[in-house]
Every structure is written in structure tokens, then in C-alpha cells.
Amino acid sequence: MKDLSVVVYTMKGCPFCTDFKEMLVNEGIEFFDRDIEEYEDEYNIFVEITDNDMIPALLIIEGDDESHESFLYAPERNYDELSEAVSIIKEHRKKVGLV
């Protein structure tokens, strides 16, 4: 069975980030919160790959014991509304059999 990890890049004081994390909690979606100031090097790699520095941004990792695949999603690049980002996560959850 595949596993799914959701990493959310956020920043203290960002109202969109707070709203997004609340939405995930309300949906029962587990996630790792990565503050972009604390994880600056990691986030800079994300920005370089996606050519987008907007937040909240997502890193979704699907995998099993043998392999992993990563998916990067950024606002105004892959979604415009926070609800669309939640839907993206739900689709990945469905894909790996978590729903």
C-alpha cells in the first residue's frame, strides 16, 4: 500500500496560511507544517523548481517501501483558491487509497 505525506510551506502571520491549515485540520488531513523562515533552504529549492514563491505551497510525497514520487503545487501556478489546494490533496489521497 502506498503512503502519502503532505508538506505545507507557510509563514507566520500569513492569514492565507492560517486559513489553509484550518481547512486541512477540519478535513482531517494530516500534514507537516514547514515555516519558510525556519526551513529557508528547503523552501528556496521549492521556489527554484516551481519558479513561484507564493504561499501556502504544497509538497506531496506518494510512496511505498520501494519508491517515492514528489509533486509540487504553488498558488497562482497550480491553484487559485485554497479550496482547490485541498481538492488536490484529496485527489492524491484517493489515488493512494486513503479515502
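**Reading the terms in a predicted model**

A negative surface patch is formed by Glu76, Asp80, Glu81 and Glu84. This is a predicted model, in which local features need pLDDT of at least 70, side-chain atom pairs count only at pLDDT 80 or more, and totals for chains, interfaces and linings use all residues. Residues are numbered from 1 along each chain as its sequence is written, and side-chain values use heavy atoms, with hydrogens and water left out.

Q: Why is Glu76 called exposed?
A: Exposed means over 50% relative accessible area, with a 1.4 Å probe and protein chains only. Glu76 has 61%, so Glu76 is exposed.

Q: Where is Glu76 found?
A: Glu76 sits in the loop between strand 4 (68-73) and helix 3 (82-95). Helices (H or I, at least four residues) and strands (E, at least two) are DSSP runs, numbered from the N terminus. Glu76 is not a glycine, yet has a positive phi of about 60°.

Q: How do you know that Asp51 is exposed?
A: The relative accessible area of Asp51 is 73%, and therefore Asp51 counts as exposed. Asp51 lies in the loop between helix 2 and strand 3, and its phi is near 55°, a positive value in a residue other than glycine.

Q: What is the peptide bond from Ile55 to Pro56?
A: The bond is cis, with omega near 0°. Pro56 is in the loop between helix 2 (40-50) and strand 3 (57-63).

Note on methods: Buried means under 20% relative accessible area, exposed over 50%, partly exposed in between (1.4 Å probe, protein chains only). Patches are made of residues with over 30% relative accessible area and no salt bridge: like charges are joined within 9 Å, nonpolar side chains (Val, Leu, Ile, Met, Phe, Trp, Tyr) within 5 Å. Accessible areas come from the Shrake-Rupley method with a 1.4 Å probe; for residues, only the protein chains shown count as cover. A salt bridge is a side-chain nitrogen of Lys or Arg within 4 Å of a carboxyl oxygen of Asp or Glu. Lys and Arg count as positive and Asp and Glu as negative; His and the chain ends are not counted. The place of a charge is taken as NZ of Lys, CZ of Arg, CG of Asp or CD of Glu.
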